[in-house]
Amino acid sequence: MLTVRTVADLRAALDPPRRAGQTIGLVPTMGAFHAGHRSLMARARETDDVVVVSLFVNPTQFGRGEDLDAYPRDEARDAAIAHAEGVDLLFAPTVEEVYPPGAATTVSVGALTEGLCAVERPGHFAGVATVVTKLLVMAAPDRAYFGAKDAQQLAVIRRLARDLHLPVEIVGCPTVRDADGLALSSRNAYLNAAERERAGALSEALGGAADAVAAGERDGEVLRSRAKRLLRVRGVEPEYVELVDPDDLRPVAVLDGAPVLLAIAARVGRARLIDNTTLEPSQIPCNA
Ligand code: AMP
């Protein structure tokens, strides 16, 4: 595996395989790799000829008072994991390489970046959209792989790729979870043992709502209330529990058969955790 730090070196490394007709898969990350990241690398490895992982803690997606400085960083460990997953190229640029002095352009994706996590994290998705657009232009991959765990991020990236006519396939990959259901996240490292135990409430609340749908419930407000109750009994106060359309992220009041995204955010200790599930009422008979 080769590590490169400049856009010029990245393009020089990708030019020969591209000319030879090989496909390129990109996995954008902020490092601190866990099995969720590894699953994206493995999926890319299965699909594409050349696998590029970008490792960049993007300052513009962190708000004031957020954990930019505390965010876990260990490039040597991450490089060893990427190597073990069969990654060909690790792109680990500096902040100056990604944002050269005077950089003034940002990518804004409209209403998709106003609700859900954007309420607590204003500006976050402009930072995400800008850096992902840059990475897609830098590496010009055939495919780019993202986790469904960050559902709003995935919707924003799908939309920007479509709106900007970027010739890339955005591949969404399933959320990887711990044995108790907690979605893996680099921020789980902030949890102490008691908080780690309470954090299991997020996936439990999602499961409770999915069970209610399976039992025939179609009222969005009832489903949201049930999920909130399941969080609160475990001592977790939700930041939001929302039912939205998975593509345009507009609120859904009643499940009418189309897949709906149930998304949760909550602070547990120092960690801000998110999770979601797709409720698919059409696959479940109402009288089951
Ligand atoms: P991050 O390093 O947190 O920016 O995440 C890099 C990529 O890994 C994003 O596309 C995330 O959605 C994805 N990811 C993070 N956690 C998980 C998980 N538990 N399962 C699957 N993908 C994940």
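In this predicted model, R5 counts as partly exposed, at 40% relative accessibility. E75 is also partly exposed, with a value of 32%. The side chains of R5 and E75 meet in a salt bridge, with 2.7 Å from N to O. R5 sits in the loop between β1 (2–4) and α1 (7–19), while E75 belongs to helix α3 (residues 75–84), so the bridge ties together parts that are 70 residues apart in sequence.

The structure holds 21 salt bridges. Another of them joins E204 and R234, whose closest N and O atoms are 2.6 Å apart. This pair links distant parts of the chain, 30 residues apart: E204 lies in helix α9 (residues 201–214), and R234 in the loop between α10 (220–233) and β7 (238–244). E204 is partly exposed, at 39% relative accessible area. R234 is partly exposed too, at 23%. A salt bridge also forms between E237 and R232, at 3.1 Å from N to O. R232 has a relative accessible area of 44% and is partly exposed. Elsewhere, E120, E239, R267 and R272 are linked in a network of salt bridges.

The nonpolar residues come next. In soluble globular proteins, nonpolar side chains tend to be buried together. The largest nonpolar core has 47 residues. Within this core, L10, L14, V52, F91 and I170 touch the most other members. Helix α6 (residues 124–139) gives the most to the core, with nine residues. Beyond its neighbours within four places in sequence, V52 is in contact with L10, L14, I24, G25, L26, V27, L89 and F91. Another core, of 30 residues, lies apart from the largest one; among its members are L202, A205, A227 and V241.

Technical notes
Residues are numbered from 1 along each chain as its sequence is written. This is a predicted model: local features need pLDDT of at least 70, side-chain atom pairs count only at pLDDT 80 or more; totals for chains, interfaces and linings use all residues. Side-chain values use heavy atoms; hydrogens and water are left out. A nonpolar core is a set of buried Ala, Val, Leu, Ile, Met, Phe, Trp, Tyr and Cys residues joined through side-chain atoms within 4.5 Å. Buried means under 20% relative accessible area, exposed over 50%, partly exposed in between (1.4 Å probe, protein chains only). Helices (H or I, at least four residues) and strands (E, at least two) are DSSP runs, numbered from the N terminus. Contact means heavy atoms within 4.5 Å. A salt bridge is a side-chain nitrogen of Lys or Arg within 4 Å of a carboxyl oxygen of Asp or Glu.
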